[in-house]
Amino acid sequence: PVVLFWYRRDLRLHDNAGLYHALRSGQPVLPVFIFDQTILETLDDRNDRRVNFIYQTIQALQEAFTKLGTSLIVRAGKPLEVYRKLLNELPIRAVYTNYDYEVYAKERDQAVADLLRENGVAFHAYKDQTLFDRDEILTGNGSPYTVFTPYSRRWLDKLNHVYLQSYPTEAYVRNFLTINPQPIPTLEALGFQPSKASFPAKTVADRLLAHYKESRDFPAQPGTSELGIHLRFGTISIRELARQAHQQSATFLNELIWRDFYFQVLDHFPHVEKRAFRPAYDHIRWRNHEGEFQRWCEGQTGYPIVDAGMRQLNETGWMHNRVRMITASFLCKHLLIDWRWGEAYFARKLRDYDLAANNGGWQWAAGSGTDAAPYFRVFNPTLQAQKFDPQSDYIRRWVPEFQSLSYPQPMVDHPMARNRAIEVYKKGLAAA
Ligand code: FAD
C-alpha cells in the first residue's frame, strides 16, 4: 500500500503541512502533481509565465525526489479522471493534501474526496498556505470578520510560536516509496512554450524589511519583496516568512495578514468571486466602453502613472501595489468599467495572480468590497503620481515619451470623470 501526497499550490519539500502528515502516516509516500486541464484551458498565452514557473518548479522538485530515491508522479488531465486511473494503477490507502480556499478548488476537492471514499480511500487536507484559516479568527459572536483592522488585531493576539513552527518534513524523507524517476510530460505536450521570463528570488533581504515601511509605497524603488509568485505556488513557506517578518517588520507582517484576510473572505463569502461583496454595488450601471477598456489595457490613457503601471504589467507580469490601486481605481471610477473586467485582465497578466487577493484588491478599488472607502472618494491620478513618484522616475521608466508630442492627451478630464462616477454610483446604490 501507498499514500499519496497531492501537490497543488504548495510546491516545496520543506515545511509542508500535508506532506509532513503523509510522511508520518506509517505508509510509504508517493508525491503527485496534476497539470489540471480545467485550469490550463482558461489560459490563452502559450508562453504563460505561471505555467512556466510551475513547470520549472516541478522539474526542480523531481531532481530533489530523484536524490531521495523516489519520484514525483506527474499527470495531466482533469483531477477526477486522473484519480480514477491512479486508483486502478496503485494500491492507494489515503490521499494527503493542503487546503485550497477557491470555489473551484473546494468543489474539485469534494468530488475527489467522494470518489476516494467510494473506493475505501481516505482524504486528508491540512492548513498550509495561511497562518490562520476557516474558523480560527472569528468575532465575539462567532461570525467571520468583514473589516480588516479588527481582524488583524485578533490575528496578532492569537499568533504565537506554535503557529509559526515549521513542519520538519526533512526528518521523515526515508518514508517516501523507493521507485525510479517517472517521466514528466513536456511543456509542449501540455500546450505551452518555454518563456524567457526570469523569476524573483525566493528570499527577502533583511535590509529590504528594515526599510519596507518607508519604501513600500514608492513604485520607483525596489522596496517590496516581489515574493507574490512564491507565496502563490508555495515555493516558500508562509510560516518561515512570517517568522522573519515578525522579528523584522510589523508593516510587512501586516501585508501577510491582508493575505490571510482575503483568503478568509473568499472562503466565508464565496459569492465575491462573481458578485460584489456588498450587494448594493451590483446595481451600478457600468459604462463598459470596449475602446476605452482597450486603451487602459495598453497603457494609453494619457495619465502617465496609469499608463506606466499597465505597461509594467504587460511587460513584466508584475505591477507595484500602489499602482495596482491607482490603475484599478481609474478603470472603475474614471472610466466606469465593471471591476470584473479589470480583475480578469490582471488575472491573465499577473505572475503573482491569486484569486483571493486580486478579487479583494479590485472590490476595494470599486468600493464594493470589505474595507472599501466611501464611493465618493475618487483617487486623483495626477496627485497620486506627485505624491508617490515625485521625480517621475517610475513614469519615465515605463512611459519614456510622456512629455513628448506623441504621448496622448488624458482620455477623460479628471473633474468631469470624478463627478460622473459619483453620480452613477449614487444612482446605482439608490436603486438597490
Ligand atoms: P510585498 O509588498 O513584498 O508583500 C509581501 C506579500 O504580502 C505579497 O507577496 C502578498 O502575498 C502579500 N500582500 C501584500 N499586499 C497584499 C494585499 N493588499 N492583499 C493581499 N496580500 C497582500 N496580490 C496577489 O498576491 N495577487 C494578486 O493577484 C493581487 N492582485 C491585486 C489587485 C489589485 C487591484 C490590488 C490593489 C492589489 C492586488 N494584490 C494582489 C495585492 C498586492 O498588490 C500584491 O500582493 C503585491 O503588490 C505583490 O508584490 P510583492 O510580492 O512585492 O508584495
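Domain bounds in these legends come from an automatic or database domain assignment. On that basis the protein chain is divided into domain 1 (2–128), domain 2 (129–167 + 204–268) and domain 3 (273–431). The structure is a predicted model, in which local features need pLDDT of at least 70, side-chain atom pairs count only at pLDDT 80 or more, and totals for chains, interfaces and linings use all residues. Residues are numbered from 1 along each chain as its sequence is written.

**View 1. Strands β1, β2, β4 and β5 pair in the parallel sense.**
Helices (H or I, at least four residues) and strands (E, at least two) are DSSP runs, numbered from the N terminus. Two strands pair if DSSP finds at least two bridges between them. Strand β1 (residues 2–7) is joined by five bridges to strand β2 (residues 29–36), and the two run parallel. In this pair, Tyr-7 stands opposite Phe-33 in β2. Four bridges join β1 to strand β4 (residues 92–98), again in parallel, and here Phe-5 stands opposite Tyr-96 in β4. β4 also pairs with strand β5 (residues 122–126) in the parallel sense, over five bridges. Val-95 has Phe-123 in β5 as its bridge partner.

**View 2. Strands β1 and β4 are mostly covered.**
A residue is buried if 20 or more other C-beta atoms lie within 10 Å of its own, exposed if 12 or fewer, and partly exposed in between; C-beta atoms are placed from the backbone. Which of these states describes most of β1? Five of the six residues of β1 are buried. In β4, five of seven residues are buried.

**View 3. The largest nonpolar core has 64 residues.**
A nonpolar core is a set of buried Ala, Val, Leu, Ile, Met, Phe, Trp, Tyr and Cys residues joined through C-beta atoms within 7 Å. In the largest core, the residues with the most contacts inside it are Leu-266 and Ile-305. The helices that each supply at least two residues of this core include α6 (148–158), α10 (238–248), α13 (304–316) and α19 (414–431). The largest share, eight residues, comes from α11. Domain 2 and domain 3 each provide at least three residues of this core. Apart from it lies another core, of 41 residues, with Leu-11, Phe-65, Leu-72 and Phe-233 among them.

**View 4. The contacts of Ile-305 are shown in close-up.**
Two residues are in contact if their C-beta atoms, placed from the backbone, lie within 7 Å. With neighbours within four places in sequence left aside, Ile-305 is in contact with Val-323, Ile-326, Pro-381, Gln-384, Ala-385, Asp-389 and Ile-395.

**View 5. Domain 1 touches domain 3.**
Six residues of domain 1 are in contact with six residues of domain 3. Helix α3 (residues 49–67) gives the most to the side of domain 1 that touches domain 3, with three residues. That side divides into three nonpolar, no polar and three charged residues. Here Ala, Val, Leu, Ile, Met, Phe, Trp, Tyr, Cys and Pro count as nonpolar, Asp, Glu, Lys and Arg as charged, and the others, Gly among them, as polar. The centres of domain 1 and domain 3, taken over C-alpha atoms, are separated by 37 Å.

**View 6. The ligand lies between domain 2 and domain 3.**
Both domains give residues to the shell around the ligand, so the ligand lies between them. A residue is near a molecule or strand if its C-beta atom, placed from the backbone, lies within 6 Å of it. The ligand is surrounded by 27 residues, and the closest are Thr-224, Ser-225, Asn-321, Asn-358 and Gly-361. The elements that give two or more residues to the shell are α9 (228–233), α11, α14 and α16. Which element gives the most to the shell around the ligand? α16 does, with six residues. The shell divides into 13 nonpolar, seven polar and seven charged residues.

**View 7. Glu-226 and Asn-288 each have a positive phi.**
Glu-226 has a phi of about 55° although it is not a glycine. Glu-226 is found in the loop between α8 (206–215) and α9, and is partly exposed, with 17 other C-beta atoms within 10 Å. Asn-288, also not a glycine, has a positive phi of about 45°. Asn-288 sits in the loop between α11 and α12 (290–298). Asn-288 has 13 other C-beta atoms within 10 Å, so this residue is partly exposed.
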